[in-house]
Structure formats: structure tokens, C-alpha cells
Amino acid sequence: MSGIARLPARPRVRAAGLLVLADGTTFEGETIGHRAPGGAPTTGEVVFNTVLTGYQEVITDPSYAGQVICFTCPHIGNYGVAPDDDESRRPFCRGVIVRELSERPSNWRAAESLDDFLDRHRVPGLAGVDTRRLTRHIRTAGAMPCAFGAVEGEGALDPADIAAAAREAPGTEGVDLVAEVTTSAPYRYEPANGAGPEGGAQGLSVVAYDFGIKRNILRHLSAMAAVEVVPASTPAAEVLARRPDGVFLSNGPGDPAAVAGAAGTVAALLGEVPVFGICLGHQLLGAALGGRTYKLKFGHHGGNHPVRRMADGAVEITSQNHNYALADGTVPGADVTHVNLNDGVVEGIACRDAPAFGVQYHPEAGPGPHDARYLFERFRSLMTGAR
Amino acid sequence: MPRRDDLKSILVIGSGPIVIGQACEFDYSGTQACRVLGAEGYRVILANSNPATIMTDPDFADRTYVEPLTVEVLTAIIERESPDAVLPTLGGQTALNLAMQLHERGVLRRCGTEMIGASATAIATAENRERFKDAMTGIGLAVPDSGFAHTFGEAVGVAERIGFPLIVRPSYILGGAGTGIATDMASFTDIAAGGLDASPVSEILIERSIAGWKEYELEVMRDRADNCVVICSIENFDPMGVHTGDSITVAPAQTLSDVEFQQMRDAAFACIRRIGVETGGSNIQFAIDPASGEMVVIEMNPRVSRSSALASKATGFPIAKIAARLAVGYTLDEIVNDITRATPASFEPAIDYVVTKLPRWAFEKFPGIPDVLGTRMQSVGEAMAIGRTFAESLQKGLRSLETGRFGLGCDPAESSFDAWSDDELVRHAAVATPDRPFQLAAALLRGVSVERLHRATGVDPWFLDQLERIVDERGHLASIGSAAGMRRADWRRAKRLGFADAQLAWLWNAAEEEVRAARLAAGVRATMKTVDTCAAEFEARTPYHYSTYEDTDEVSDSDRPKVIILGSGPNRIGQGVEFDYCCVQASFALRAAGFETVMVNCNPETVSTDYDTSDRLYFEPVTWEDVANVIDVESATGDVVGVIVSLGGQTPLKLAGLLRSGLVLGTSPDSIDLAEDRERWSALCDRLGIPQPAGGMALSAEAAAAVADRVGYPALVRPSYVLGGRAMEIVYDGADLRRAMKEMAASGSLGREGGLAAQRPVLIDRFLEDAVEVDVDAVRDATGAMLIGAVMEHVEEAGVHSGDSACVIPPPTLDAETIATIEGHTRAIADALDVRGPINVQYAVQGGGQRSGGERGDPVVGSAGGAPRVFVIEANPRASRTVPFVSKATGVPLAKVAARVIAGATLDELRAEGLLRPPVAGGHVSVKEAVLPFSRFPDADTLLGPEMRSTGEVMGIDASFGLAFAKSQAAAGDELPGAGTVFWSLADRDKDAGLRVAMRLVQLGFSIAATSGTAAHLRAAGVPVETVVAKVGEESGVDAVELIRSGQVSMVVNTPRGRGPRADGAHIRRAASAHRIACLTTVAAARAAVAGIADRGDRPFAVRSLQEYHAVEQLPLA
Ligand SMILES: Nc1ncnc2c1ncn2[C@@H]1O[C@H](COP(=O)(O)OP(=O)(O)O)[C@@H](O)[C@H]1O
Ligand SMILES: Nc1ncnc2c1ncn2[C@@H]1O[C@H](COP(=O)(O)OP(=O)(O)O)[C@@H](O)[C@H]1O
Ligand SMILES: [Mg+2]
Ligand SMILES: [Mg+2]
């Protein structure tokens, strides 16, 4: 008997809602998820994500801190929410915009409905929105701040206030969102269900910088090494003092240029220990090598981006989630190892004179294809090789 | 890796006639392949026996062989053309199996022809269920516990080991033929025996049944560089146990978490790599236990399939086109995505809508066949619908099917389950039938819980929840009570759930037009979105649209004059690929003439719904509301010249009267009605002095009886406004007539089609016995100039539906006078109807008697003497089923000419342009033969009648009628025997005519077996009869069925005894079809067969391409 038996439908009354973008464009919808009585409009940078499956992983990915996620896939919530699929301790995104929210999830693993999950984690959202129109607008006008809220029922907001909030909402440029999501204190990652040989076959140890790290990355790392997770602000010296076999630079939200001191820290690690960076971590690695980062018009958020592996020309279908990228040809000491086939964006670099590499996309998947898992193997061999 | 330059010429094998399980999706894939390979500069050689297909249009290949798809014939083609490669992965199971045989017989090696797309080993590993299972377990993928058997004994052993329930699945089969689920040893013995019979290699897989699990399919592509992508995931609404082809299927998969989906994706890649499909598309089926998530692999098709056509239409990613490029060496990243023109094909489409495919069945045409769905595919066509939500796409899909429903209920047919208690309703819904979605809705409407329905049916709770939302909304709408009470938000919510205005009109008993008007007044109108493969992430260059209810449109303005072409909807018996051929040809011709063409259709199998066939494609139901939406949007974005309703069969023709006046191009709606309306039509024929069978019209059984008494029996009864002789019957007396009338008035399938109503009276005609049927296809232009495309003589006499009888160009037995009369009548009718475009007229010619003898030119014998009398049966001012056949026989692009004429051109102009060339004179004879689905319905009587039951057609072309007929039979799957015993059992009225035919067979060295009566008659006339067969209940003589089973009989001739006890004949015919022995049910067919046998002798068929036949100066037969 599938999920449903445990999940009686709980149709909730939905109030008419309104989404307004910074440029004044408006969209009608109805409120879902958390609704703070008399609350102010929810604000954030609206981005679209094209995954067909994996909404839960996306919503719980800390890299979305400061952002409102618009799912292009019309039906969201179909298979509910399963604790095992959380990518972090809670969602950090500001809100969720969907065309259709399933009230009655169906999956044997489902523990609760997405609606309840959002409510529990105080994440507001809108349903019934013409998400395709919104996506096309972002595609042409670029990712931008937005505001939304209920315009009906108790605590209803004045559309004018929502519009004002949208105009005033800050973007992500220059904002250090990592501080919001990183762990406050170092901790040792213990794989749930005890997966992965403690410290891996060779008893390796890895220190992972938490800029907003996803659990699936930790799962992969812990399958090959003992993993110590440290706050984003941890000085390089402190990390090296732990004598790790490798240092991992995690994914994370927002503008790499705004992450206080991170580039310097990474620079200090290079050459001392093998380094592997994913997403924000990859951008910081590039920055440490003197590379320049820039903001893409609307970023890459989805599970179907084709990436060319320069080494052998093979194509990897990748999971992506970033608004910033390394500017091509600006990273002195590194080779470009991966390129996005859709738009030529740099997707991977390898340091020429130090055991360090990074990829812009997400080899750990969660959600998305598994095509690039081999990169964790590469990190392992760098570490064993460096011994 | 670039294009392979070592290849110069490539043989593409088509899939032959449309049959259940293999329909025009392979015309779509084959056409794409031919276009791509041609564009790549290869010399394309095409072999396909199906003249109705677009791919066999001579423009699509350098050499087009419309020849039987047999190993012998293909060998001849390969020897003649010595192609460098053969591409077998785009022609369905037929092409795959043929390629395998060509490989096994060493033909490919001998002729230096390479198999591209898939290797023989890959095909063998995927198709042989045993090797496939080993391969899967070898790479750690789970498969249901199973065992193989080659004998019945083995089978029982395996069954005892695994335990029940069990499913039996033969190797190398198509559409689940011979499969079945057995719950106990009793049912198992039949199914196992049937399965061993169905498998060409008599091997069956006996497998633990996992009926009730969730069923999924992934469409996967792989290139030479080992790049793999998933194009589309498809989830079945009906769980395991109902064949995918008979299931409602949904894309993308809706109830898989990313964890489960990625696991399935990994498995699919492991599978395609293990099987070794190096380039191209494959379809891999999975099942998941809803309770535990356990996943197993069901099967893999190492070729493009029905589902890949669906996936292509669902995503905008042209799988067949890409597969063809991959087969000649390209890699995915070297191919540009047609739709974005900016990104490569090496990606996985992201879609932002829901696609639902619904099958269409034809059970109503096979009385006595239960409409229960199982692991054997039985549907004859399908419709696909696109919406932003599942609810919307499901309701759009239901109305696309044209079964009289406009969505999930809210129509008269709703009440069909009222008599059942809740328990009965749930019990019925538990058995999969075409009614299931409606039964589920009815149950939900009564408040039966989703949980209970899930337990009873296995349908996923998520889908049931979606149905419940539709049902709840219906309640809400009913409570609102009228269009007046609807606020904008109400309209928007209802339309977003897919409700048709027609449903609301029924709910509120208002007129559909009023509902539409009120809705538009409230500011709620359809918005057109785009299918773009990327969920709007990139700009789409291809205007492939669907309607939904959102904020904004995406249709761009255009400056060229636009012509909207209405397609023919889902394939069904009586309306198939022929009409798609006409619509596609029209689109090509009109584009070439500078028009912008706009296609509206909802059939995912077709070429017409390929996004680059027309300038714009609307994947929409062909109903008034949906068409009106398209007309509105197109008028708002440019200049619409008009709408073409006469090329898509009856579907668009029915809309002619409803469209804004002046919008219909070509023949006027009034003329269309004049031809369809029995009274007006008869009056016209009288005025023109063209004889018609005596007849009349009736709305009641009494009235019908009166008409029948006036015209006399036997009489023919049928409803008006239907295609394919639907529910048409020959009645022999009053009682018969009353029964027929009752059936027609009754609800059930025909009720859905409209039942009896003032607009749909019953027609009663005198049935013309022993008449030769003739079809004429012609085109008339505005100046009154006429083009007679062809006069076709049918082999079977009138009474066998024109769609089910073989027909011949040029007429083999009609004399010049009769042909002149027929052409004269056709001209007169076309003039009277002021036809501006295509017209098809059917005639029955009585007397003249050339046929009643053994061979042509024989002295007249029997009743049918005297001068021939020509009766007109019907005229359809639209393109007919035979248009593509005529084009292929004569080289005249009839559909293109018709389309241009509809759009205002004159025949003279088209001659001047060179589009219209004179028909190829003589030199060859063309025979079109129908292909019937009886092997799918073993219990159906194979007897032919006025109700059409064929699903497809084949064509035979050769120097003589006999040879062409022999080819047509071979192409249809029953090779005429060269020797052996022919078993005769004739109705009294056929006995004289049968004599000479039997005599001829004896002269040709056949021996004769016959049932007692027939035997006596033959012997009396001096025909030696070796075996006398007993009729049912007779003691003496061998048993008919035994004789057939014994394999001694090489052909059966069995003609019905009027309406008398058919039992006897029926079981003979059934036995013949079960043992795949040619079975002829008319003397006419037998006569033709004998001509074929005589002309062919023991020579192999000579092959020749259409291009050669159409070449102005005729070459001698190679
Ligand atoms: N083990 C099984 N238990 C129950 N149903 C099954 C099983 N295997 C197959 N089926 C059903 O039979 C259908 C036809 O089987 P399949 O192997 O796909 O034949 P085909 O080659 O005709 O597609 C499937 O679509 C599925 O619904
Ligand atoms: N009066 C008649 N006498 C003998 N056969 C007839 C007569 N009318 C129709 N038929 C047979 O019935 C078939 C179907 O009739 P038709 O009017 O062509 O219906 P449809 O519109 O389905 O083609 C014809 O092809 C012909 O064989
Ligand atoms: Mg199958
Ligand atoms: Mg007809």
C-alpha cells in the first residue's frame, strides 16, 4: 500500500495571492505553504529551475538562500516529502512558486505532503501561477528580486505594498549569504544508516568547508574518507593543522565575491593539500587562482545541462544550480576541463601546478543525473596520490 | 564523429500495413529517416508494402519499392540495388525481424550490405526474452522470476515451479500477441498453448505476474561515442497487466521521486549498453512495486517504437530523425536541437506541461469480443493531448478520441452506470476496459474513496486524486448552475481542469455557443503555449503549440496568407493513415505555393503532427471548440484564407457546418450536406437521372419496416453520417430488420456515436446482389474542369465494404461503355455539387456478367446476364481512403492537386506548373488489398461484410492482374499456395460460379477437398474431389477443423450461406485464420487468387520501384 494510506488529503483553503517582480510585472496565484498571519510580503531573488523530479532536494539545497524558486515542471509535490531526501537541515530558500501543488502525495517513501513540509519550515509559496510566463520573463529580463503574498483573507496585503517590497528588495550581488547557511561550529559527519566504510579503505580524512554544503556531497565524501565539516570562516592554518588528506570546498548561495575572505583562505590551501571544489567552491578555487567571477543573466538551474569533458570529448548530463560563474580565460594557473554545451560557460577547471580541481555543476546529483560521480573518485586518487 | 562517407546508399525497411500494435508511428519514423538520409546526401532505397503511407510517396526516396515485405522480395531488392547499408530500426518489429532473417540467411553478407542502427547480436539479445533476462541479471538488474518453455510439457513444469498468477509471453512477438495472465492451471494450459503458437520460434517466457505494479517506460538514445540521454519518461495510468499500447500513458512520469527516477535512468543506460545498441533510440520498460519501490525490468525494444513516436511529440525531440543521423555516424553533440537551433541534441528535454495518450479501440466492430484489456494490445489508434496539468490533458485527450465524450463525463453516456450499486461499480472498474476512466469518475462522484479505488484497480492514488479534483469541480460547476453565475475565477479554474464548453453546456443544459460566448465575455480564453524541449529556458524557433488557460499567448505574427488544415484525429477502422497522407501532402503543396500552413491534429503517430510538416502545428483535439480557438488565435496574428475540412476524412467534414461561414475552403458546407443528407442526395440523383438502389430513411423501426417492404429484401440498413460502414448490415427479412433497428437505437458504442436522432436517421437501401463495386476518385476545380484520378474495380462484390475489398487499377473486367457511363455520372455529380476539390463516388454495377464465368471474356452464364446497370452508392465530396493508392498507381499527386484546387488553383494552372502530370498509361496493374485484424481477435468471424473491419492496406504492382494480386496477397501476409489441397465450402448461390474456379485449380495441379454439398456439385460437373469433408453434425467424412489443423490444406474457399446458420462456415474460417492459411470468403476473391497462382507459376516475384513505374517511358520489367 503506497504512501497515501498514511496521508489523508488535507485540502486547505487557499487565498488569492500576488507575485510582483522588481520591474513591476505581476502574476496571480494562490497562497501555499507557510502563511504568517499579518506578515509582510515575502521577498527574494526569483529564479527558475527546470528539474522534472527532485523538488525536495532543490528546496532543501542551501544554495537557494535568498532566492524564490519557480519550478517550471507544473505538478509539484506529487510524491510528497521523504526525510532521507533532505539536502540540509532545513530549506533556506525564501519561497516557492508552482503551477500546481499536489495535495495528496503518493509514494511509498512519502512521510508528509510538500504543503505541510513548507508550512512546518515556515516557507511561503504561491500556486496556480503561469510559471511558463514567469520563466520566459526571467529568461529575457534576467533573474530579479520579487515579492509576493496573500491579497485575500485575514492579513491580506495591499498589492501596492507588495509592489513596493519588490522594488526595494535587495538582489544577491555583493550580499554574503554564506554566513546565513554555514555551520556555526565544526562537526564530524556521521553518515545516516552508517553508509560508507569509516574513513574509507585507505583511512582517508577530508575537511569540508561548509558554504552551504549538500548532504549528498557529504554522503559521497564519507564513502571514501572521514569527513570533518568546518564553518566557512575557518582559517586555512586551522584546517591544515588537522592534517587532512584533502580539503573540500562546498557549494553555496550567492555571489562568490561577497564571501568574506574565502578566496584568500583557499589560496593558502593550494599546494598544501589536494583541493576539490563544487559550484561556489569551484568559483572560490578559481578566484583564489586570480580568476574573475560574473553573474549570469538567469543562471543554470536544472538537471539536464550538457557539459563537455575536454579530456575525451564525452558529454555529461549534469545537475546545475548557480547564478555566478568563472569568466572564461581569466584563471591563470588552471586549465578549463569542462564546458557547458548550451552556452559555453566554464564548468570545470584543474589547477596546473597544484592538486586542485573544481566543477561548477553538481556531480553528487541530488537531484539529477549520476553521470559525473567519477569526480569523487578523482578526488580520492588525488588524495591517495599525494600521500 | 562526422557523417560516414564510406556509405553511399541505404535501404530503409518500412513496417508494412497498419495492424494492431504497429500503426502509422512507423510511417512517421520512416518518413523522418528518409528525409534525413536524403538531406545527408545518401541514396535512399525504401521498401514498404503500404501505399497509404507518406514515406512511400516517391519524393521521399530515390527508389521506392512498394512490394511485399518478405525475405524473398527484400533479397531481390538488395540484389538489384546492392545498398551499402540497411537501416532496420525505424520500421517496427517487421523491419527488425526481416533484417534478422536477411542476416541469418547470409543475404547481407553476400551483397556486402551492413546493418546499421543496431547489430544482429544486439537485436537477438533484446528480442529473445531468455537471452534478455540473462543479460539483465548479468548486470545486476532485477527481472520477474521466470522460466522458458519450448514445449507444452516444459511449460507446465515451469508453471509448477513459479506458482500462480503467471504471465505467458512469447518471444519475437508484437503488441503482446499470444501473451496472457493465468491464475490457475486451467487457464494456463490454453494461454501457454496459444503462446507457443504465437511465437515464430515457438518459445514462451513464463513469468511471475506482477500485475498491479506501476508501469513505466524510458525512451533512451545512445551514440557512437557512448553518450546516453533519456528523452522522455512515461508513466502508465493503468498498472502492469494492461499492455502499454492499451494503457492511458502520461509523460513525464508523475509519481517517481528523483531517487527512483535516477535509479531507473542508470538501469536504462546499463541496459542499452549491455544489449549493445550502439546508435539510436531504444525503449525500456520497467515496473515498480508501489508498496516497496522494488524495480524490475520488463523489456527493451532496440528500435524506435510507438512510445518513441509519442515521446517525440511529447517533448519536441525528434527521436527517429536523430536516430537516423546517429546511425550514419554523427554523435548527439554534433546535432543541433531543431527547436532552439542554439543548443545541441545531447541533452534531456525538460517539459513544462503534461502529455496524456489515450488508446482508441474498435470492439464495437467485433461482436462477441469482450472489451476487456490485458497484456495483448487491442487498440487500433490513439490520441494525445497536451495540457498544463494532468486533469486538463486527460479531458482534452478524452474529447480527442471522438467517441462522443467531451471529457470525463458531463454527457448523456454518464448515466450508463447508474443501475450499478457502488460495489458493482467498483467491481467493474477493477477490470480494465475502455470505460474504466468513466467508471472511476462515477465512483468518485458517488463518494467512493480514492483508497478503495486504488486497492481495487491498482491505479496510482495520485492519478485518482487528479480525477477526484475534476469530479469535485464538476460538483461545484453544477451548483453554480449557469453560465451567468460564473465569475472569471470560476471559468479559469474549470478550463484549467480541462472542462470543454460542451460539458458545461450539458451540465447547465445550455447551448455550447452560449457557454463559449459567456466565457469569452468573462475574459477567459484559450492561450497557446509552445512545446520547446526546454521548459522555456531557451527561445523556441519552432511554432509547435497547444492550448491551455494561462495568462499569455506565444503565437507570433506572420505575413503570408494562412491555410488551416484540419487533421483526422486518432486512427480508427475506416479512418486511418490515408487521411493523414492527404493532409500532409496538402501542407507540402500549399507551402510550396506560398501559403503558410497551419495543421490541427491530435494523433501522435502521424506525420501531420511532426512539428516541421507544416509552418505551424497545433496539437489539439479536432472538435469545434478547439478548432475555433485556433482560428481565433491565427486570425489575430495574421490573415487566415480559410480552413480545409475535406482531406481529413469524416472528422473535419463534420465540422464544416459549424465553422464561421466563408471560412471553409473548397466545396461549400451546403454541398457537403447535400451529399450527406439522404433525401437531398436522392432528389439530386433523380434529377440527374442517375440510378440509385431503391431506398429510404427512417427514424423508427415501423418507418424502417415500411421502407424495407417498399424496396424489398435483402436490404441494407445503416446510420447516416458515419464512416467505414459503421453498424451497417444486410437484413434478409422483417425480423432481421427489427433486431438491427433495436441495436442501432440502443446506447453502447453507437449510442456514444450519437445513436438515433433527427440529424442521424437510419438509411435503408435495396441490397444489390452480385454487383461489381467501383470506386472513383476525382478532382474538380472552380471552372468545372475535372480530373478523373482513377476508376477502381473491386474484386469482392458490392456488399463487402469498399475498405475491406481488394481493388484494381485499371479495371480488369469493366467494359469501355460502363467505364464511360461511370465517368459521366461522376462528372454530373461533381458539377451538381459544384465540387471545388476532391470527390469520391462509389458505384455498384449489376449485370454484364463478365465475372460470373471462370475467366475474363467468358460467355455469360447464370443469373447475372444482360447489359450492365450502373447504380451510384454514395458520393463523398472529400478525399477518400483510396487517394494515396491512386497516386502510387498512376503517378498523379492527387492529394496535392486537390489541396491546390481547394485553395483556388485551376487544373490548367497546375498542369502549366507541372504539378499535374498525365497519369501513367498502362504497362502495369495495381491491386490494393485490405489487411484485417482477425489474428488479434481469434474468436471473431472472418467473414467480410458491409461494415469495414480492416485496419490497413497493402499494394501489389506488376505486369498482370494475376501477378499484382498475388503480390498483394503476399504483402497482406497470406502467400498464395503453388500447390496442395484447396478446401471448398460454398453457399448454394456460389456453387455455379465456383465450378470454373475449382476446375482451373485442378488444371493447375491442385487437389480438391469439399464439404458434402459442394463436393456433390463439383463432382456432378466433373471436377475431381479427393476428400469429402463433413459439415457440423454429419457423420461421414473428415472433420473440417481437423483437416485444416493437419496442415494438409493450403487454401480455403468458404462463402457464407446468406444469413443461415453460420456456425459451420465460421468455425472453418476461424480454424484457417488460426493456422495462418489463406481463407477466401468470396468466389470473386478465389477467382482472382487462381489468376494469381496461374500467372505466377513457380517464378519468384520481380521487383521494381515506383520511380520506374512512374517514369514516362516504361521500362521492360526487370
Ligand atoms: N510479469 C508481468 N506481470 C504482469 N504483467 C506483465 C508482466 N510482464 C509484462 N506485463 C504486461 O504485459 C504487457 C506486454 O508485455 P511486453 O513484454 O511489453 O510485450 P510487448 O513486446 O508486446 O510490448 C506490458 O505492457 C505489461 O503491462
Ligand atoms: N445498395 C447496396 N447494395 C449492395 N451493396 C451496398 C449497397 N450500399 C452499400 N453497399 C456496400 O456497403 C459498403 C459501405 O457502404 P457505403 O455507402 O460506401 O458506406 P461508407 O460511407 O461506410 O463507405 C459499400 O462499400 C458497398 O460494398
Ligand atoms: Mg512492451
Ligand atoms: Mg463507401
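I began with the contact between the two chains, to which chain B gives 64 residues and chain A gives 52 residues. I keep in mind throughout that this is a predicted model.

Next I looked up the area: chain B and chain A bury about 4,900 Å² between them, and 47% of that lies on carbon and sulfur atoms. On the side of chain B, the residues that lose the most area to chain A are Asp258(B), Arg388(B) and Glu537(B), which together make up 13% of what that side buries.

I then turned to the polar side of the interface. The rule finds 14 salt bridges across the interface of chain B and chain A, and I noted one between the side chains of Arg469(B) and Glu100(A), with 2.9 Å from N to O. Across this interface there are also 34 residue pairs in polar contact, both partners being at pLDDT 80 or more.

Which elements of chain B each supply at least two residues of the side that touches chain A? I listed the helices α9 (258-275), α15 (450-457), α16 (461-480) and α17 (488-496), together with the strands β11 (228-236) and β17 (527-530). The largest share comes from α9(B), with eight residues. Sorted by class, the side of chain B that touches chain A holds 26 nonpolar, 14 polar and 24 charged residues.

Gln285(B) sits in strand β13 (residues 280-288) of chain B and Glu299(B) in strand β14 (residues 295-301) of chain B, so that the pair links parts of the chain 14 residues apart. I checked their accessibility as well, and both Gln285(B) and Glu299(B) are buried.

Because Gln842(B) belongs to strand β30 (residues 837-846) of chain B and Glu874(B) to strand β31 (residues 869-876) of chain B, the pair ties together parts that are 32 residues apart in sequence.

Note on methods. Residues are numbered from 1 along each chain as its sequence is written. Chains are lettered from A and ligands numbered from 1 in the order in which they are written. This is a predicted model: local features need pLDDT of at least 70, side-chain atom pairs count only at pLDDT 80 or more; totals for chains, interfaces and linings use all residues. Side-chain values use heavy atoms; hydrogens and water are left out. Helices (H or I, at least four residues) and strands (E, at least two) are DSSP runs, numbered from the N terminus. Buried means under 20% relative accessible area, exposed over 50%, partly exposed in between (1.4 Å probe, protein chains only). Contact means heavy atoms within 4.5 Å. Buried area is the accessible area (1.4 Å probe) that two parts lose on being put together, summed over both. A salt bridge is a side-chain nitrogen of Lys or Arg within 4 Å of a carboxyl oxygen of Asp or Glu. A polar contact is a pair of N or O atoms within 3.5 Å; within protein, one must be able to donate a hydrogen and the other to accept it, and residues adjacent in sequence count only if both atoms are side-chain atoms. Ala, Val, Leu, Ile, Met, Phe, Trp, Tyr, Cys and Pro count as nonpolar, Asp, Glu, Lys and Arg as charged, and the others, Gly among them, as polar.
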